[in-house]
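Please look over the sequence and the model shown here before reading on.

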Amino acid sequence: MDSISLIRTPIEAELRDFKELFDSSLSSSNALLDSVVSHIRQRNGKMMRPILVLLVARLYGAVCPSTLHAAVSLELLHTASLVHDDVVDESTERRGQLSVNAIFNNKVAVLTGDYLLATSLVHAELTNSHRIIQLVSTLGQDLADGELLQLSNVSNHSFSEEVYFDVIRKKTAALFAACTKAAAFSVGVGEGEAELARLLGEYIGICFQIKDDIFDYFDNREIGKPTGNDMLEGKLTLPALYVLNTTKNDEAQELAIKVKEGAATLDEIAYLISFIKENGGIEYAVQTMNVYKQKAFDLLASLPESDICVALRAYLDYVVDREK
């Protein structure tokens with residue numbers, strides 16, 4: 001059995017219920033909105049975040065309507081943030097597919113993102129859980145805060161791993177943590193179990209983002225973005241930060257400053273990427289990712305063994321071993 005099948009098997013019925021509710025949440029009589037949403041749904045992918053919600057709910061109880069609405073709310077909020085991010089980053093691609101702003105325009109993309117965000121809040125309210133409503137609202141703040149922190153860091157000439165982790169905790173890990181904590185809340189667990197679930201999601205999210213950042217150092221169109229895309233946007237991720245701080249190489253640091261200023265040429269970015277790879281940047285990032293993976297495994301080891309724990313370990317393996 002492949003890893004995706006192992007992950008999905010315990011929740012096949014619940015996943016069908018989620019997809020039905022998610023699809024119904026996006027139906028609209030507005031022709032333009034319907035056209036944009038149809039385009040977005042073409043890249044639904046493997047639905048890793050809703051799957052995580054369903055698995056964690058099953059870890060503590062049974063999936064219920066509150067769980068499904070929480071999963072829909074969080075997936076809609078995530079989708080809205082991607083649509084808005086593409087406008088902010090002036091990106092024309094998302095996972096190998098043209099972005100909403102590239103096909104339509106920025107106005108349509110922003111308004112569609114707003115619609116998805118509003119619909120996310122509708123489903124948060126339908127959970128009938130004040131704790132989940134608060135969680136979704138706070139997540140919206142964290143995602144925006146993370147984007148602004150990342151933008152402000154572009155003009156900062158320091159190479160701080162601490163700031164990098166602050167950004168990814170708010171931009172990526174916060175979403176996974178919200179998925180796991182909302183799942184726990186949806187089945188009525190206490191604060192202690194909900195905090196364990198939140199930590200599990202945070203560790204998964206950190207692994208997910210580090211893996212995404214590693215992809216940017218390799219040329220693979222299936223990933224949906226060209227090599228060096230982060231640097232083209234002025235972003236220095238974990239492999240670069242490690243090498244810049246350990247080698248103290250003047251030429252590399254000068255190039256890194258040019259990257260942050262948006263002044264580096266494609267050849268300079270290619271040179272910097274090679275320098276980072278030659279000096280252990282990828283190995284360090286993989287090692288760091290595996291530290292967080294082990295932290296997540298340790299949390300699961302504290303719980304009674306079940307098919308859900310097996311699926312969650314497979315989920316973690318997939319996050320760190322995936323090729324796109």
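This is a predicted model: local features need pLDDT of at least 70, side-chain atom pairs count only at pLDDT 80 or more; totals for chains, interfaces and linings use all residues.

Residues are numbered from 1 along each chain as its sequence is written, and side-chain values use heavy atoms, with hydrogens and water left out.

Helix packing comes first. Two packed helices are described by the angle between their axes and the distance between the axes. Here helices (H or I, at least four residues) are DSSP runs, numbered from the N terminus. Axes are lines fitted to C-alpha atoms, for helices over the stretch in contact, and angles run from 0 to 180 degrees between N-to-C directions. Angles under 35 degrees count as roughly parallel, over 145 as roughly antiparallel, 65 to 115 as roughly perpendicular and the rest as oblique.

The axes of α8 and helix α9 (residues 161-186) lie 8 Å apart, at an angle of about 170°. The two helices, α8 and α9, are therefore roughly antiparallel. Contact, meaning heavy atoms within 4.5 Å, involves residues of α8 including Leu135, Leu139, Leu143 and Asn153, and residues of α9 including Val163, Val167, Ala174 and Phe185. By class, 12 residues of the contact of α8 with α9 are nonpolar, four polar and eight charged. In this scheme Ala, Val, Leu, Ile, Met, Phe, Trp, Tyr, Cys and Pro count as nonpolar, Asp, Glu, Lys and Arg as charged, and the others, Gly among them, as polar.

One of the α8 residues in that contact, asparagine 153, belongs to a helix that spans residues 130-154. Asparagine 153 is buried, at a relative accessible area of 18%; buried means under 20% relative accessible area, exposed over 50%, partly exposed in between (1.4 Å probe, protein chains only). Apart from neighbours within four places in sequence, asparagine 153 contacts Val163 and Lys260. Between asparagine 153 and glycine 140 there are 20 Å in space, C-alpha to C-alpha, for a separation of 13 residues in sequence.

A second pair consists of helix α10 (residues 191-215) and helix α16 (residues 307-321), whose axes are 8 Å apart at an angle of about 25°. That angle makes α10 roughly parallel to α16. Leu200, Ile204, Cys207, Phe208 and Lys211 of α10 meet Leu312, Tyr315, Leu316, Val319, Val320 and Asp321 of α16. The contact of α10 with α16 has nine nonpolar and two charged residues, and no polar ones.

Next is the interior. A nonpolar core is a set of buried Ala, Val, Leu, Ile, Met, Phe, Trp, Tyr and Cys residues joined through side-chain atoms within 4.5 Å. The largest such core holds 105 residues, and those with the most contacts inside it are Phe18, Leu55, Ile210, Met231, Leu236, Leu312 and Tyr315. Helix α9 contributes the most to this core, with 13 residues. Not counting residues up to four places away in sequence, phenylalanine 18 touches Met47, Pro50, Leu54, Leu68, Ala71, Val72 and Glu75.

How many disulfides does a search of the whole structure find? The search finds zero, a disulfide being a pair of cysteine sulfur atoms within 2.5 Å. For the sulfur of cysteine 207, the closest cysteine sulfur is in cysteine 179, 15 Å away and so too far for a bond. Cysteine 207 is buried at 0% relative accessibility, and cysteine 179 is buried at 2%.

Cysteine 207 is also among the residues touched by lysine 293, along with Leu316, Asp317 and Val320, when residues up to four places away in sequence are not counted. Lysine 293 sits in helix α15 (residues 281-301) and is buried, at 15% relative accessibility.

Threonine 237 lies in the loop between α11 (229-232) and α12 (238-247). Is threonine 237 buried or exposed? Its relative accessible area is 7%, so threonine 237 is buried. Beyond neighbours within four places in sequence, threonine 237 is in contact with Tyr164, Asp213, Tyr217 and Asp230.

Lysine 248 is exposed, with a relative accessible area of 54%.
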